[in-house]
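Reader: I am new to this structure. Please show it to me, and then I will ask how the terms are applied.

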Amino acid sequence: MGMEGIGARVARKEDKRFITGGGRYTDDMVVPGMKHAVFVRSPHAHASIRKINTKAAEAMPGVIGVLNGKQLKADGIGNLICGWAITSKDGSPMNMGAWEPMATSTARFVGEAVAIVVADTQAQARDAAEAVEVTYKEKKAVTEPVAALKKGAPQLHPEAEGNLIYDWEIGDQAAADKAIADAAHVTRMEITNNRLVPNAMEPRAALGHYDKAEDHYTCWTTSQNPHVARLVMSAFYNVAPENKFRVIAPDVGGGFGSKIFIYPEEIICLWASKRTGVPVKWVADRTESFMTDAHGRDHVSTIEIAFDKDNKITALKADTVANLGAYMSLFSSSVPTYLYATLLSGQYNIPAIHCNVRTCYTNTAPVDAYRGAGRPEACYLVERTMETAARELGVSPAELRSKNFITEFPHQTPVIMAYDAGDFQASLDAAMKASKYDSFERRRKAAAKNGKLRGIGMSCYIEACGIAPSAAVGSLGAGVGLWESAEVRVNAVGSIEILTGSHSHGQGHETTFAQLASDRFGVPIDSVSIVHGDTDKVQMGMGTYGSRSGAVGMSAIEKALDKVEAKAKKVAAHLLEADDKDIVIENGEVKVAGTDKKLQWFEVCLSAYTAHNIPEGMEPGLKESAFYDPTNFTFPAGCYICEVEVDPETGDTEIIQFVAADDFGKIINPMIVEGQVHGGIAQGIGQALLECAHYDSGGELLTASYMDYAMPRADNLPSFAVSTTETACPSNPLGIKGCGEAGAIGSPPAVINAITDAIGNNNIAMPATSQAVWAAIQAAK
Amino acid sequence: MYSVNYSRAASVADAVKTAKKADDAKFLSGGQTLIPAMKARLAAPSDLIDLSHIGDMKGIKVSGKNVTIGAGATHAEVAANAKLAKACPAICHLAAHIGDPHVRHMGTIGGSVANNDPAADYPAAMVALGATIKTNKREISADKFFKGLFETALKDDEVITSVSFTAPAKAGYAKFPNPASRYAMTGVFVTKGKDGVRAAVTGAGDDGVFRSKLIEAALSKSFDASALEGVSVSSDDLMEDIHASADYRANLIAVMAKRAVASANA
């Protein structure tokens with residue numbers, strides 16, 4: 001593998017610029033003549049817009065323009081769309097309400113854009129935005145998903161009667177019902193998955209620049225997938241023709257899913273630039289981020305798991321209501337359906353599964369994919385219920401899980417997924433050993449002596465990454481293909497540029513991806529550059545989300561490297577008068593196996609470009625591209641064990657230890673993988689203990705700043721004990737499964753299972769704040 | 001932030017003079033609450049008069065049991081003062097747990113006391129220590145100084161110059177932080193001095209800092225955590241928000257009082 005190849009713990013190349021303040025983000029971009037935009041946003045959760053008076057604002061110092069949604073519509077800019085069509089169980093298409101980039105007649109959540117002010121400075125734009133007079137007539141609002149579906153609830157969109165977007169099902173209801181009726185034991189739970197705000201460190205931003213001379217548009221934006229942004233903005237929103245439109249996503253400070261989607265602001269900045277004749281930059285402040293970034297989760301479910309007399313699972317049945325907010329964001333419809341219910345088999349052999357999902361509109365920010373996207377919701381449902389079942393059945397949680405593990409692969413679940421590889425017992429064993437599970441009762445007793453309630457809980461998660469193949473997701477309603485592209489350009493001196501359609505916004509691609517080329521040709525990773533995030537530089541790509549950049553993005557690179565290697569070997573074989581099958585490339589040298597004949601890597605590269613002596617008929621140069629479309633999802637899985645100590649007087653929970661045993665298949669850079677797991681677990685613990693977006697009944701967001709929205713901090717977290725076991729993924733050339741979301745998916749049930757074990761009350765919802773835990777302790781008394 | 005005139009006062013008299021000339025002046029003494037409020041456009045003074053360069057307002061003097069802390073002393077200075085740690089370690093402990101290091105190196109005791117945030121730590125200490133708030137005009141006892149949420153006895157042209165107190169025989173502070181802001185969701189400062197026991201509660205009362213007569217009575221019998229076993233604090237007049245109900249805060253008052261006493265006795 002070499003010092004910097006596959007499997008090496010190479011320090012991240014990109015970190016020097018990030019930690020020394022050298023990163024260049026959208027807000028760092030400056031274009032000559034650039035002006036600043038501030039949005040006028042609805043203070044009401046639900047209101048008719050009667051009048052927008054911009055006169056006073058237009059007269060204020062520095063103001064260049066005050067624009068509204070009617071002007072935008074008149075210029076032919078289209079409404080926002082959801083790109084995944086879900087069909088209700090009665091065969092009807094989903095009920096998608098119109099989402100105007102700026103509301104013209106009705107505002108449906110607090111923070112919805114109503115007008116934009118462009119001025120010389122941001123402060124002037126802000127002053128003028130305050131002077132825009134919008135006359136609203138308030139309407140009744142609804143924020144909770146179950147309430148939104150009740151008869152008589154305030155109605156959001158004429159297209160969606162009763163606020164119902166779709167009523168969808170998967171699996172065999174009759175089989176599940178029969179198994180439940182015949183069961184020896186059924187565990188039933190009502191479970192809420194709390195609503196989260198993504199909170200990327202860098203707020204969203206957009207800089208739109210229309211160049212009149214060239215009739216060309218450029219948008220710098222905080223995107224996880226700039227090519228998709230360009231495609232959607234040109235094909236659906238009519239912002240600019242694709243061939244005259246460049247989207248650049250430079251350094252992006254975290255996304256967690258929230259920067260996949262195309263939001264109104266980037267559309268409006270581009271349009272406003274053309275309309276006003278100046279480049280227009282908008283940068284969200286933190287409260288705007290809280291109000292308008294797509295939120296995550298927000299499910300209310302009931303679940304039943306049925307067991308036979310041997311404690312084998314016979315059926316699982318779930319019924320879920322999911323809140324999609326005021327509008328359907330780009331991939332919102334897929335999250336509570338194909339990314340959720342298809343994972344309800346967990347790690348278990350379950351003969352019959354049925355899940356019904358209703359999604360609804362509410363007067364809240366749009367809800368879409370957030371780290372894990374559907375899979376944390378599924379995992380939480382299954383793993384909370386399995387732990388509860390073990391308690392009800394009086395067997396150990398490990399034993400109950402073990403008994404029901406899928407052990408033969410491939411395994412077709414009743415809900416679409418075909419698991420290709422895994423060893424669930426290996427992860428469970430590793431986690432049990434690392435957590436010293438067997439001696440827990442001793443630790444519980446010791447803690448009791450100190451007045452503390454100690455508990456332990458586990459979670460055996462499985463998830464699906466690298467959503468694919470394109471034809472399959474297309475048949476399920478996806479509006480795009482989910483392949484990835486790569487181009488490997490070897491320079492004449494042997495250094496390498498890899499152009500990838502993946503986008504790095506914290507994942508370390510500049511290092512990991514370079515390791516592939518280093519491994520292949522024995523060149524130092526410093527001579528390998530990763531180019532991404534610019535539609536003018538990089539061929540079409542699909543971007544980064546769903547832990548796809550390893551399994552799909554790197555597989556595309558691997559395929560392009562195959563082609564480069566084959567050509568380089570032919571060039572070398574020609575120069576060394578050998579058969580290309582006998583050529584080996586290692587440590588920067590190109591050799592004929594079993595002889596002392598060799599060339600330096602750069603000599604072969606140079607020869608390919610001088611083309612003075614290459615095989616007859618060969619094209620000069622050394623540059624290859626590939627598009628890779630996977631044959632299946634990948635299925636990372638593992639076991640997490642959490643041990644907590646609860647202070648019964650205050651309800652405060654301290655996580656004493658957190659053990660993760662993951663199977664990510666082949667690992668390219670273990671250090672980066674561990675970092676991903678650490679970050680994911682931190683977010684999962686955040687969801688379990690601290691985070692929740694609260695709206696009041698009138699639709700005001702109560703948690704619109706860090707004064708009220710509790711993020712996990714270092715002192716909320718223990719030092720994680722992470723380890724991996726490995727079963728290679730058979731469906732991609734590198735054997736990679738994906739690691740970006742596992743921590744956030746697997747950890748919440750482990751934490752809550754530990755807390756409920758500690759306090760002896762199973763009835764607690766996330767976030768298990770000190771207040772909630774204290775109240776649950778009081779209730780159990 | 002709206003535009004604002006900034007001026008740096010050379011003396012207290014200078015600060016007051018500048019304030020009188022302004023439309024709507026605010027004194028700035030660290031700015032760890034005021035500046036974020038201004039950045040969010042929730043506060044919009046016409047003038048900011050910076051007190052943090054006034055030499056007379058700095059310094060911590062400890063003479064036996066008599067303590068005087070200049071209003072301009074930062075939380076970090078209070079936390080790290082060796083003489084103060086000997087006379088009244090509880091106030092050093094309190095200061096060491098305000099906000100984060102940035103806040104502790106900018107924020108000052110005068111600024112915090114003048115702002116009287118209902119979840120700030122210092123008001124509980126001032127009341128429990130029976131401190132005297134000295135201004136450019138008069139001396140005000142802490143009992144009469146704090147008037148409710150963000151309300152104090154200060155007049156518009158009045159500037160806190162120092163706070164002083166006699167170190168009690170015993171003092172302790174315990175707080176339960178809000179999980180988001182890390183302000184006190186409930187904090188209790190207890191003292192036992194020559195005039196008896198005092199217990200002041202911050203973060204919990206719906207009208208700001210207050211003394212808990214119930215806890216003081218229990219501790220007057222025996223200044224020990226065990227004296228508070230079974231004490232049930234009423235949830236009347238306590239704050240409620242998404243983080244803590246009045247009942248939960250009532251519970252936290254009793255628990256934090258116990259821990260404050262244990263720390264005072266340690």
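Author: The answers below set values against definitions. This is a predicted model, in which local features need pLDDT of at least 70, side-chain atom pairs count only at pLDDT 80 or more, and totals for chains, interfaces and linings use all residues. Residues are numbered from 1 along each chain as its sequence is written, while chains are lettered from A and ligands numbered from 1 in the order in which they are written.

Reader: Why is A:Ala115 called buried?

Author: A residue is buried if 20 or more other C-beta atoms, placed from the backbone, lie within 10 Å of its own, exposed if 12 or fewer, and partly exposed in between. A:Ala115 has 23 within 10 Å, so A:Ala115 is buried. A:Ala115 is found in strand β5 (residues 113-119) of chain A; strands are DSSP runs of E, at least two residues, and helices are runs of H or I, at least four, numbered from the N terminus.

Reader: What makes the radius of gyration of chain B agree with a compact globule?

Author: The radius is taken over C-alpha atoms, and the globule rule is 2.2 Å times the number of residues to the power 0.38. For 266 residues the rule gives a value near 18 Å; chain B has 18 Å, so the two agree. Of those 266 residues, 48% count as buried.
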